[in-house]
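Here's a quick tour for anyone meeting this structure for the first time. Have a look at the model, then read on for the main points.

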Amino acid sequence: MTKSILVLKLGSASITTRAGEIDEAIISDITRQVAELATNYHIILVSSGAVAAGKRFIKNYKGKISERKAAASIGNPLLLGTYSKYFQSYGISIAQSLCERQHFSNRAQFLQLKETYEELWKNGVIPIANENDVVSNLELKFSDNDELATLLGVGFGASMILLGTSVPGVLDKDGIVIDKIDSINNDVFSLANKSTSEVGLGGMSSKLTFAHLASTMGIRVAIFGVRTPDGILKAVKGETGTACTPKDCSISARNKWLASGSLVTGRVMADEGACSALRKRKSLLAVGIKTIVADFAGGEIFEIIDEQDHIVAVARAKVSSYTITENLKQHNLEIANASDIVVL
């Protein structure tokens with residue numbers, strides 16, 4: 001592909017009215033800006049809003065899982081129909097892409113998804129992605145669409161991810177937008193408002209969490225206000241919102257998928273020496289493990305944390321946690337090979 005990939009995520013609160021209805025004026029403005037960007041980028045539009053748009057049709061809506069699923073099934077065609085209406089003005093067709101977490105945890109399915117998107121782009125079609133709320137398993141759901149956008153961006157090798165929100169960017173303690181964040185650390189996370197909107201699932205903490213993952217994988221991330229005049233176009237240029245500096249990253253596409261798209265089932269705590277060795281691209285041996293935090297089977301993905309509970313890496317296990325427990329004193333037992341470990 002000659003164009004680079006740009007992922008644009010739009011939150012529910014930023015594209016709906018206070019009454020929960022789709023804000024057509026905002027959708028119209030978004031499609032205008034996206035149509036302009038489509039000349040230079042392959043666009044993935046990740047749009048929330050289906051539940052918000054459909055919940056008014058559910059009597060005495062209380063937000064139960066069954067009610068959310070029903071609202072999504074009503075609201076999704078309304079949302080897609082609105083996007084289609086305004087994109088048609090620019091001669092652009094759209095495609096619906098309802099995703100489930102399992103599509104990312106299975107690499108073969110993930111590559112099929114990628115091929116489908118590439119076929120859409122060849123034909124000038126913009127995919128609009130959302131979680132398949134109607135059938136998604138509660139235990140295997142995305143945390144929110146910030147995660148979905150990040151998995152698509154990292155997995156597809158996007159050059160930039162734009163996280164649109166109802167506020168103008170990451171705000172400091174005085175309520176002023178921070179133009180640039182070089183490192184998303186605990187000080188930055190402390191600025192996040194822990195609350196979410198009335199219609200959304202995420203919040204600034206979620207956006208920072210996935211911005212950290214994406215920037216670690218070498219992707220530019222901007223957190224910006226959707227209702228800022230020309231906000232999308234300005235965010236691409238770094239003229240509005242908060243820009244998160246990408247890190248140098250040379251790992252393979254497979255390992256990027258491993259770090260972001262695979263389902264983590266287990267967790268181990270490694271000692272300081274083992275963590276240091278991992279950062280030097282060494283394998284993980286049983287002797288470096290202090291404790292098994294959560295069990296896993298051979299071939300499954302597990303997290304490696306340090307003694308301060310910080311995530312150091314993710315890896316594919318060569319053996320089960322049971323085997324590790326039984327052989328902790330076997331110094332040369334390889335738990336994960338360096339080629340199957342991604343340091344975060």
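This is a predicted model: local features need pLDDT of at least 70, side-chain atom pairs count only at pLDDT 80 or more; totals for chains, interfaces and linings use all residues.

A residue counts as buried here when its relative accessible area is under 20%, and as exposed when that value is over 50%.

**The big picture**
- The protein chain holds 13 helices and 15 strands. Its radius of gyration is 21 Å, close to the 20 Å that the globule rule gives for 344 residues, so the chain is as compact as a globular protein of that length.
- Take the contacts between residues at least 6 apart in sequence: 71% of them join residues at least 24 apart.

**How helix α7 packs**
- Helix α7 covers residues 145-156 and helix α9 covers residues 204-216; their axes come within 9 Å and cross at roughly 10°. Angles under 35 degrees count as roughly parallel, so α7 is roughly parallel to α9.
- On the α7 side, D146, E147, T150 and V154 make that contact, while α9 brings S206, K207, F210, L213 and A214. Sorted by class, the contact of α7 with α9 has 4 nonpolar, 2 polar and 3 charged residues.
- Helix α7 also packs against helix α6 (residues 107-122), at an angle of about 85° and with the axes 11 Å apart. Angles of 65 to 115 degrees count as roughly perpendicular, so that label goes to α6 and α7.
- Here the α6 residues are F110, L113, K114, Y117 and W121, and they meet L152, G155 and F156 of α7. The contact of α6 with α7 divides into 6 nonpolar, 1 polar and 1 charged residue.

**Two buried spots to look up**
- T31 sits in helix α2, which runs over residues 24-37. Its relative accessibility is 0%, so T31 counts as buried. Setting aside residues up to four places away in sequence, T31 touches Y83, Y86, F87 and Y90.
- A95 belongs to strand β3, residues 93-99. With a relative accessible area of 15%, which is under the 20% limit, A95 is buried.
- The C-alpha atoms of A95 and P127 are separated by 4.6 Å, although the two residues are 32 residues apart along the chain. Beyond its neighbours within four places in sequence, A95 is in contact with L120, V125, I126, P127 and I128.

**Cysteines**
- How many disulfides are there? The count comes to 0 disulfides, where a pair of cysteine sulfur atoms would have to lie within 2.5 Å.
- C99 counts as buried because its relative accessibility is 1%. C244, at 4% relative accessibility, counts as buried too.

**Positive phi in the loops**
- Most residues other than glycine have a negative phi. R281 has a positive one, near 65°.
- You'll find R281 in the loop between α12 (272-279) and β10 (284-285). At 53% relative accessibility, R281 counts as exposed.
- D309 has a positive phi as well, near 70°. Its place is the loop between β12 (301-305) and β13 (311-316).

Definitions and conventions. Residues are numbered from 1 along each chain as its sequence is written. Side-chain values use heavy atoms; hydrogens and water are left out. Buried means under 20% relative accessible area, exposed over 50%, partly exposed in between (1.4 Å probe, protein chains only). Axes are lines fitted to C-alpha atoms, for helices over the stretch in contact, and angles run from 0 to 180 degrees between N-to-C directions. Helices (H or I, at least four residues) and strands (E, at least two) are DSSP runs, numbered from the N terminus. Angles under 35 degrees count as roughly parallel, over 145 as roughly antiparallel, 65 to 115 as roughly perpendicular and the rest as oblique. Contact means heavy atoms within 4.5 Å. Ala, Val, Leu, Ile, Met, Phe, Trp, Tyr, Cys and Pro count as nonpolar, Asp, Glu, Lys and Arg as charged, and the others, Gly among them, as polar. The radius of gyration is taken over C-alpha atoms; the globule rule is 2.2 Å times the number of residues to the power 0.38.
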